[in-house]
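Me: I would like to learn how to read the features of a model like this one. Could you take me through them one at a time?

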Amino acid sequence: MTAYRVVQWATGTIGVRSLRAVVEHPGLTLAGVYVHTPGKAGRDAGELCGLGPTGVTATQDIEEIVGSGADCVLYMPLVCDLDEVCRLLESGANIVTTRGEFHHPPSMDPDVRKRVEAACERGGTSIHSTGSSPGFITEAVPLVLTSIARRLDSLTIDEFANLSRRPSPELLFDVMGFGAAPAEFGEERLTHARTSFGPSLRLVADALSLPLDSLEADGEVATARHRIRIAAGELAPGTVAAQRLTVTGRHAGRPLLRFRATWYCTTDLDPAWDLHDTGWHISVESDAPLEVGIRFPVPLDRMAAVSPSYTANRAVNAVPFVCAAAPGIRTTPDLPQITATLS
């Protein structure tokens, strides 16, 4: 087995889980760790992810990373820095990222795409965006499910998150607006939904030779029927208790692909919504119709601790496939089916 030398770039919630997976992976060797927080610099990688000493210390020096001889960088910062990305690619390090900028090259800014592809060519490297959502559920799963069809009428991906046991009042009340008076979704949130999930929908549509004419986004809320206590606090009757964002891709004037994210704090809603447990539900309307449910069998009060694995693990598992790929921006259809080497 080839032992790929891997750098972990950033150690936030997802990055820490990814770092731990690299250290424990039988086919990967940790070559370096890049951190943004000064207090993490100089600390052993094992200390940062809850493991024993690794002999690899975290750094804030990109030149140290470039000089590490890494085969791949797991790039997971909060904000994508194009200068960093191109510097790493030019140095000969492939990149697997949970950033969403590289899911569908034709959706990228043409100048940015040209610059990244040139960096890949100079370094003989490739870059691939993946994760759980977008990534696994918006690309890998739809491509598999449609592989037994000869006609596709529509495909809908529903993502459900029960937040009733999430003890994060700042996130739920201040950021997401739960417990507030119902209001229309702002254009900023709708634009974010289109840019986050639209590239995946376009990617799947292109792979099926059914290119999308347009992308639309809309949002809606439901309110609490009665006063309810959740882990983050209290919701009064008539205040926002559920939210839904939908991104729809149209082909030949009709809805073809849809991603719909539903977050809820109670099932006692006005109006009543058809809700599933935390997880995904995929509906395929075709000459081989399918209804597929994927439930996360994790207690809600442990979901925040477990859920980062869904995003981090797919990125880690993709490393050998991206290292073996031809130079360029590589998408899910470009790569072989990603499989895991389990320990």
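Reply: Gladly! Let us start with S209, which counts as exposed because its relative accessibility is 61%. The scale runs like this: buried is under 20% relative accessible area, exposed is over 50%, and partly exposed is in between, with a 1.4 Å probe and protein chains only. The model is predicted, so local features need pLDDT of at least 70 and side-chain atom pairs count only at pLDDT 80 or more, while totals for chains, interfaces and linings use all residues. Residues are numbered from 1 along each chain as its sequence is written, and side-chain values use heavy atoms, with hydrogens and water left out.

Me: Is A10 buried or exposed?

Reply: A10 counts as buried, at 4% relative accessibility. Its phi is also positive, near 85°, in a residue other than glycine, and A10 sits in the loop between β1 and α1 (13-24).

Me: How do I read a helix, and which residues of α4 are buried?

Reply: An α-helix has 3.6 residues a turn, so residues three or four places apart point the same way. In α4, which spans residues 82-90, the buried ones are E84, V85, C86, L88 and L89. They pack against several elements, including β1 (4-9), β4 (72-75), β5 (94-97) and α5 (110-123). Look at the ends too: D81 caps the N-terminal end, with a side-chain oxygen 2.9 Å from the backbone nitrogen of D83. After the helix comes G92, with a positive phi near 105°.

Me: What is R99 in contact with, leaving aside its neighbours within four places in sequence?

Reply: Contact means heavy atoms within 4.5 Å. With those neighbours set aside, R99 touches Y75, P77, L78, V79, C80 and S129. R99 itself lies in the loop between β5 and α5, and a polar contact of 2.7 Å joins its side chain to that of E101. A polar contact is a pair of N or O atoms within 3.5 Å; within protein, one must be able to donate a hydrogen and the other to accept it, and residues adjacent in sequence count only if both atoms are side-chain atoms.

Me: Which residues touch the most other members in the largest nonpolar core?

Reply: A nonpolar core is a set of buried Ala, Val, Leu, Ile, Met, Phe, Trp, Tyr and Cys residues joined through side-chain atoms within 4.5 Å. The largest here has 48 residues, and L163, F178, L257, W263 and I282 touch the most other members. Among the elements that give two or more residues to this core are α6 (132-145), β7 (152-162), β11 (240-251) and β12 (254-264). A second, separate core has 28 residues, including A21, L30, C49 and I338.

Me: Now the rings: how many aromatic pairs does a search of the whole structure find?

Reply: A pair of aromatic rings is described by the distance of the centres and the angle of the planes. Rings of Phe, Tyr and Trp (its six-membered ring) pair if their centres lie within 6.5 Å; planes under 30 degrees apart count as stacked, over 60 as edge-to-face and the rest as tilted. The search finds 6 pairs. One of them, W280 with F296, is edge-to-face, at 5.0 Å centre to centre and 90° between the planes. W280 is in strand β14 and F296 in the loop between β15 (290-295) and α9, so this pair ties together parts that are 16 residues apart in sequence.

Me: Is the pair of F296 and Y310 stacked or edge-to-face?

Reply: That pair is stacked, because the centres are 4.3 Å apart and the planes are at 15°. F296 is buried, with a relative accessible area of 12%, whereas Y310 is partly exposed at 30%. Ring pairs link F136, W280, F296 and Y310 into a cluster.

Terms used:
Helices (H or I, at least four residues) and strands (E, at least two) are DSSP runs, numbered from the N terminus.
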